[in-house]
Amino acid sequence: MEPDVSIETGSMIRVAVLPVGGSIPHSRLRSYVAMLGQHTKIDLSSISSFYLEHQKSPFTHQPWETGSIRFKFMLGGSPPSAWEDFQSCRKILAVIGLCHCPSSTDLDLVADQFATACKGYSSALAKRCFAFCPSDSQLEDGDHKRDNIILFPPSDQKTQEFHMVTMMQDLAASLLMEFEKWVLRAESSGTILKTPLDSQSSLGAEEFIKAKKRRLARAQKTIGDYCLLAGSPVDANAHYSTAIELARLTGDVFWHAGALEGSICALLLDRMDYKDPVLEEEVKYRYYTAIQLYRRSYLQDNAQRVSTVSFELEATLKLARYLCRRELAKEVVELLMGAADGAKSLIDANDRLILYVEIARLFGTLGYQRKAAFFSRQVAQLYLQQDNSCAAISAMQVLTMTSNAYRVQSRRKSQKISTASQELGASHSDGGKVHPQLIVSLFESQWSSIQMVVLREILVSSVRAGDPLAAWSAAARLLRSFYPLITPAGQSGLASSLANSAERLPSGTRCADPALPFIRLHSFPLHPSQTDIIKRNSQKEWWTGSVPSGPFIYTPFSKGSSTDSVKQELTWIVGEPVHVLVELANPCSFDLIVESIYLSAHSNNFDAFPVSVNLPSNTSKVISLSGIPTKVGAVSIPGCIVHCFGVITEHLFRDVDNLLLGASQGLVLLDPFRCCGSTKPKNVSFPNISVVPPLPLLVSRMVGGNGSTILYEGEIRDIWISLTNAGTVPIEQAHLALSGKNQDSVSSIAHDVLFSALPLKPGGEVTIPVTLKAWQLNLSDTDLDASKSPSANTRRVSKEGSSPLLVVYYSGPLNSDELNSNGNSVPPGRRLVVPLNVSVLQGLRFIRARLLSMEFPARIGGTLRKRINCEKDITEEGNSLVRIDPYRGSWGLRLLELELSNPTDVVFEVNVSVQLESQPSEYGMSIFNNADIDFGYRKTRIDRDYSARVLIPLENFKLPVLDVSFFSKDAQVNNVLGNAVAERNAKAELNASINNLISKIKVRWHSGRNSSGELNIKDATQAALQASVMDILLPDPLTFGFRLAEIGTTSENIGSSEESSTAENSTGQTPEFIGKAKDSISPHEMTRMEVIIQNNTKEKIRMSLTVSCRDVAGENCFEGNNATVLWAGIVTDINLEAPPLQEITHSFALYFLVPGEYTLLTAAVINDPTDVLRARAKSDSSTEPIFCRGSPFHVHVSGTG
């Protein structure tokens, strides 16, 4: 049998290509053969200039315009066949020699060698020797000698190819003329054609007559063969038709089948440009007939011990190759399986080998990879039966080709699986998703036994072929893929095979197929310096929007991520070490020694550090692999480089991920990590890693230790944080911010200390003070203090993670060179998160807060007091807010009562202070400035397990002016947005007023030597002030006071207790009102008095004023028959007009008839009140009168009546 047979084979002229002369370099020989192989088809129209018709051509229907001559080059030639007379295409009809002149200086010797080589091809009709690259002397000698040697002068490639075309056209013309001669000679004188089927004994008379009749049929068949070789299918078909009829008449079955095969070839060549179903059916019919004829000839002539089954099988293969397409797959499979059954009848092992090769190739073309692999293994078995290294190499190569179909291919050999693996790796890195059909194609556990056999055959053939690398690869694949099916002794044997193969390999040899251990990506243990990298833009405040919410700012591999389709981003810095955790597994029965393992970086910008590992049998281990990025750009780390069993291999993470996925779906035998006791793997995807230029690196340290600072609730303490630049780049820009819980507990941060230290050079250090105030504990944010003894009262401490975070944003210099090299990208900044570790203990506690009222009248006596109207006087008074001035009184005084409890083990001293405001207003009134005046109580001591109450007067919190703007806001909102929105805004205004009031009250405590703090009274007092805040803050429209007047002295102003500031008099100067002292008021004397009315609004008020006097029984002393007080002047229905924010006075005199205690009262009815006055009086009716009453003033009349 012959390889690569097809229907067109009968029209191809076989040309032996022989290297002659000296040794030809392999590269040169390949180029010469490639140049020759471009001319397997020569058009008849191109050889007309070389063709000479000596006599009338027998090829009467030669297609000169469309026909062609085909060549089949046989490199190295081929031995003569015994069946050359039966099929002329098997003859070597031409010989081409290839000579490399620089290796063969003597062309005469080359000519002799070429002539000697041609003697072995007696059937050759044309001989040419192509000599390439001749020297000048060889060119001169070649002009007049050696006709068969054709020189190819040195020139460019195109010239050489043009020369080759010319020579091949000349060769084709020569062969065509020789074919004509042979055909003419055969038609005139006939020829004797024999095959091994013909009897070699002397023929009897009958057999001689029979043979004589057959000669004509065989001659016609042979002439048809030469017509095909000459490119004339019409002439060939005519001769084949004659031969078929004559062979049928003479019973020459074998030649009948041959002529029928030739007619099929002629038919296809004649209709080469198109194919239709009718032609296909005709070809099938003729070939099935030819196959039956071949089978009949074999049965008839079997007694001669000459087998013709090879021709039957060749005809079957030719028909199968012609029909080989998916539409006719069933029919092609039947033909090929029938040919495979016929292999048993082949005597020669080489014929069986060729048959299996062709069947495997056709199954592969059809897409039946498993069947192709099966017959390829049959080819390998035939090779392995031969005891020589060349056959072993061939068997190894064939089995290597079949490994793709059996899914045990080498990673280096399989391009298709490599492409699929890349697609699989991309989908896996996008969130762990893989394509199920790809997994099925990669892992087919039902093939386990066959796969093991294939790998063992590859291992055996590699050892016999002397290829240690192929043997190591096969043993590695066998051990890695099928360790569960291999006994412990077999596993140890494979380990020995790996070691033996490695001994025959050079040191440092690499193999594409990994052995052990199994390696999977475990996690990325990210240092905060790696996670706190902030993308930086050209804006000045580039850190905006990147404040972390907790100490664990970034976790790139969190479980259950909602962005599975988006790859995680990870940034590494040049020069800073990084770590990757990988897990190794050794599921075999022997101890594994990994000489070195390190991360595999394909990006050439990462230096990995190798480590050695010892893995006992059936164990797994998680190790840390480290390295340093060296250049800016993307980093690709698909796996690890492992030096084990004497060979260096690359273990890809995605391969193990696919293996584990196949194990979870039952597609592979076993999970190597689970059988080693490892836990279920996490869904870890490899992120997109980018390397940025060197950045500064801040390291924080708490001065005095990194332990937690223990504080009581409200305690204020300073801590110091030391920041050191541990990087190689100076810090040019920095910003401090707060994050996390309880940010309000940070009172102050010394930003200027950090800014003054910039730029902070490498190794530089700066210490920043931070003031902390412990926050108020809630039940949900506290735990029981475990340090307390069980017998003591339980106290609560703050939970871990409730401390605030100090966030430092910093960046290095921004160089223009970096912008150009990085594509105008700004180098990123960094973020340092410093937990301000504070452990808050339960401290001084609020029990409740109440709003109290205190009322007692002012007193008019002989001693005249100085009115407090400036900051100096307030400061001198010191404790004025906690003392009631008896000469001013307090009617409707509001007091805030705070009840405090001490549940701790220490003693607290509590001090309450109030911050007031004092600044001149636009109307000349004096109000206090924030933080300028600070009133304080005396300290209150609270022992452990005791409580105390603190009273805070709220009188001085009143606003100095009753302003219309305070009420106009609600009116405007009500008109525009409606009642619901107005109500919400009113509540917001109310809460703002309460918060402003509470912020002025400071409750500070002190305990021991260094512990001091401040209590937060906001939550405790907000509910108490909710209902009465308007009465506390807003003054009355009118306030009243009395003044004793004496002749020749300035009268004293006894101000209302409701009034918190003194207005200017009519002259614009602030009065001091200091007069002559008088101990008491005597009866039976006319006492001159003045009532002072203060307008606290910005509008003029008209009123009707009434002054009354009552005794201790509450009876009116001005009216009735028993009146005890006489008056001079007007004391009822006094019509007055008070200018805005001004005082007016009204004088009168009283004559007391009876000594005793009296009370002076004032009341006014406001005429035509404005909306502001009605709002202050909480009156909804426009006709309801507005009354304004003053606080009572006590008068003591001493003496005897």
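This report describes the fold, cores, cavities and some local features of a predicted protein model.

## Basis of the model

Residues are numbered from 1 along each chain as its sequence is written, and side-chain values use heavy atoms, with hydrogens and water left out. Because the model is predicted, local features need pLDDT of at least 70 and side-chain atom pairs count only at pLDDT 80 or more, while totals for chains, interfaces and linings use all residues.

## Overall fold

The protein chain holds 28 helices and 48 strands. These are DSSP runs numbered from the N terminus: helices are H or I with at least four residues, strands are E with at least two. The chain has 1201 residues, and 49% of them count as buried. Buried means under 20% relative accessible area, exposed means over 50%, and partly exposed lies in between (1.4 Å probe, protein chains only).

Contact means heavy atoms within 4.5 Å. Take the contacts between residues at least 6 apart in sequence: 78% of them join residues at least 24 apart. The protein chain exposes about 57100 Å², with carbon and sulfur atoms supplying 51% of that area. Areas come from the Shrake-Rupley method with a 1.4 Å probe; for residues, only the protein chains shown count as cover.

## Nonpolar cores

In soluble globular proteins, nonpolar side chains tend to be buried together. A nonpolar core here is a set of buried Ala, Val, Leu, Ile, Met, Phe, Trp, Tyr and Cys residues joined through side-chain atoms within 4.5 Å. The largest has 181 residues, and Phe130, Trp572, Ile597 and Phe645 touch the most other members. Helix α4 (residues 157-189) gives the most to this core, with 13 residues. A second, separate core has 35 residues, including Ile1093, Leu1105, Val1131 and Ile1166.

## Cavities

Rolling a probe the size of a water molecule over the atoms shows where empty space is left. A cavity is a set of points, on a 1 Å grid over the protein atoms alone, where a 1.4 Å probe fits but cannot get out; lining residues have an atom within 4 Å of a point. Points are joined across faces, edges and corners, and a volume is the space filled by probe spheres set on them. By this rule there are eight cavities of 30 Å³ or more.

The largest cavity has a volume of about 130 Å³. Its lining has 15 residues, of which Gly10, Gln87, Cys89, Asp225 and Gly262 lie nearest the centre. Helices α5 (205-229) and α7 (253-270) each supply at least two lining residues. α7 gives the most, with four.

## Arg1102

Arg1102 is found in strand β42 (residues 1101-1110). Arg1102 is partly exposed, at 36% relative accessible area. Arg1102 and Asn1167 are 65 residues apart in sequence, yet 5.4 Å apart in space, C-alpha to C-alpha.

## Backbone exceptions

Most residues other than glycine have a negative phi, and most peptide bonds are trans. The bond from Leu516 to Pro517 is cis, with omega near 0°. Pro517 is in the loop between β7 (510-511) and β8 (518-523). The bond from Leu758 to Pro759 is also cis, with omega near -5°.

Arg407 has a positive phi, near 60°, and is partly exposed at 30% relative accessibility. Asn604 also has phi near 60°. Asn604 is exposed, with a relative accessible area of 64%.

Definitions and conventions:
1 Å grid on protein atoms, 1.4 Å probe; cavity = no way out; pocket = protein on both sides within 12 Å on 5 of 7 lines; lining within 4 Å.
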